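Let's take a walk through a protein model together. Keep the 3D view open and follow along.

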Amino acid sequence: MIDYKLHIPGPVNVSDQTYKAMCTPVMGHRSADFVDLYQACQPNLQKLFQTTDPVFLSTSSAWGVMEGALRNLCNKKVLCCMCGAFSDKWLDVAHRSGLEADALQVEWGQHIEPEDLKSKLSSGEYDVLTLVHNETSCGMMNPLADIMDVLKEFPDVISVIDTVSSFSVVSIPKDLWGIDVILTGSQKALAMPPGLALFSVSERAFKRAEEVKGRGYYFDFLEFRSNHTKGMTPSTPVIPLIHALNHTLKTIFEEGLENRFLRHEKLNQMVHNWVFNHGFELLPQKEFSSKSLTCVRNNLDIDVAGFVKTLREEKKISIDGGYGKIKGKTFRISNMGNESEDSINYLLSQMDDVLSKFLPS
Ligand SMILES: *Cc1c(COP(=O)(O)O)cnc(C)c1O
């Protein structure tokens, strides 16, 4: 049996109780039992998303909804804010969906500057904006509140915000900040297995979708909305993950949202301390660093691949050796999900053990 501790930035460790919840027998997805399950999740989901809009469940990974959002919402042109692997990819996805799209590109690890966004949007060319809140490839968190302030000046631009790796780690008040589409996935901080995407859509975005042709079927927001009123999903959903979700939501509110945010912040700080104590640096500026993971700059020039491999083989711990073009130049350590001070202390002590072999003597 594979039994690694996962500290890669998703999927993360899944608790035994969550796995157990998934073993609840499946029911018909048009049965009253399913409607009960769906509707039991909804109030907690709305609380977690900080919205009065419906929260939808999509049987797909996050990218399904990311692509779907573009196809539901764009009549003119998409502006993609790009600052790392996930946000860069969105431009490619827009083009592959046959849409016109432009880049607002900054260097990987840098944040999107609200003023730059404002001048780009002032051209009036764009009707959809994509932004990754927490750029997982670089461990960088964009200043979302300030960015949403800029968007208030452009009511015709629908905002699509990927919060895949920040959702339930920091507070993201969807309605207060005026986010049109917010989306996340099950396998990051929610600490469930992969396969379920969660998203919420504003009234304004539904109005746009009604005017857009070629929305397709599987990710048609209007299909989600009409099924939602009956307590259902458009097609047969991944029912075991919805049982897991119902369980997870209860545990989140037992802990309390504020406590959950504080726990993530504290554990993230513990990892940062490890980084600085060893003479490493963060890839992003400290002010814009993620609270869910740490992207370490390999300024000590260690053999990252060897470090990661040894940690996996000798300690049964999995961290990430860097994404795409910054592989080997960085490495990433996740603290999201159900981690505790004990589990992070254990991780850091094991990394200490292994790192000593890789530092120059
Ligand atoms: C993990 C991740 C994704 C991709 O999610 P999938 O579930 O693989 O589709 C997208 N965006 C961000 C920021 C992520 O961290």
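## Two domains

Into which domains is the chain divided? There's domain 1, made of residues 5-11 + 256-355, and domain 2, which covers 16-253. Keep in mind as you look around that this is a predicted model.

How far apart do the C-alpha centres of domain 1 and domain 2 lie? They sit 26 Å from each other. Where the domains meet, 25 residues of domain 1 and 29 residues of domain 2 take part in the contact.

## The nonpolar cores

Now for the inside. In soluble globular proteins, nonpolar side chains tend to be buried together. The largest nonpolar core here has 97 residues. Leu 45, Leu 73, Trp 90, Leu 117, Leu 183 and Leu 245 are the ones that touch the most other members. Both domain 1 and domain 2 contribute residues to this core, so it lies between them.

Leaving out residues up to four places away in sequence, Leu 245 touches Cys 41, Leu 45, Leu 57, Met 192, Leu 196 and Leu 198. There's also a second, separate core of 24 residues, and among its members are Val 304, Ile 317, Ile 344 and Leu 347.

## The largest pocket

How much space lies in the largest pocket? About 360 Å³. This pocket is lined by 17 residues, and Tyr 4, Asn 13, Val 14, Ser 15 and Tyr 19 are the closest to its centre. E1 and H1 are the elements that each supply two or more lining residues, with H1 giving the largest share, 3 residues.

Sorted by class, the lining of the largest pocket comes out as 9 nonpolar, 4 polar and 4 charged residues. Domain 1 and domain 2 each provide at least three residues of this lining.

## The second largest pocket

The second largest pocket has a volume of about 170 Å³. Its lining has 13 residues, and those nearest the centre are Ala 62, Trp 63, Phe 86, Val 164 and Lys 188.

Which helix gives the most to the lining of the second largest pocket? That's helix H3, residues 62-73, with 3 residues. By class, the lining splits into 6 nonpolar, 5 polar and 2 charged residues.

Most residues other than glycine have a negative phi, and most peptide bonds are trans. With that in mind, find the bond between Gly 10 and Pro 11: this peptide bond is cis, with omega about -10°. Pro 11 sits in the loop between strand E1 (5-6) and helix H1 (16-22).

Next, look at two residues with a positive phi. Ser 168 isn't a glycine, yet its phi is about 75°. You'll find Ser 168 in the loop between strand E8 (158-162) and helix H7 (174-177). Lys 316 is not a glycine either, and its phi is near 55°. Lys 316 is placed in the loop between helix H12 (304-315) and strand E13 (317-318).

Is Ser 168 buried or exposed? Its relative accessible area is 3%, and buried means under 20%, so Ser 168 is buried. Lys 316 has 41% relative accessibility, so Lys 316 counts as partly exposed.

Definitions and conventions:
Residues are numbered from 1 along each chain as its sequence is written. This is a predicted model: local features need pLDDT of at least 70, side-chain atom pairs count only at pLDDT 80 or more; totals for chains, interfaces and linings use all residues. Side-chain values use heavy atoms; hydrogens and water are left out. Helices (H or I, at least four residues) and strands (E, at least two) are DSSP runs, numbered from the N terminus. Buried means under 20% relative accessible area, exposed over 50%, partly exposed in between (1.4 Å probe, protein chains only). A nonpolar core is a set of buried Ala, Val, Leu, Ile, Met, Phe, Trp, Tyr and Cys residues joined through side-chain atoms within 4.5 Å. Domain bounds come from an automatic or database domain assignment. Contact means heavy atoms within 4.5 Å. On a 1 Å grid over the protein atoms alone, a cavity is a set of points where a 1.4 Å probe fits but cannot get out, and a pocket is an open set with protein on both sides within 12 Å along at least five of seven lines; lining residues have an atom within 4 Å of a point. Grid points are joined across faces, edges and corners, and a volume is the space filled by probe spheres set on the points. Ala, Val, Leu, Ile, Met, Phe, Trp, Tyr, Cys and Pro count as nonpolar, Asp, Glu, Lys and Arg as charged, and the others, Gly among them, as polar.
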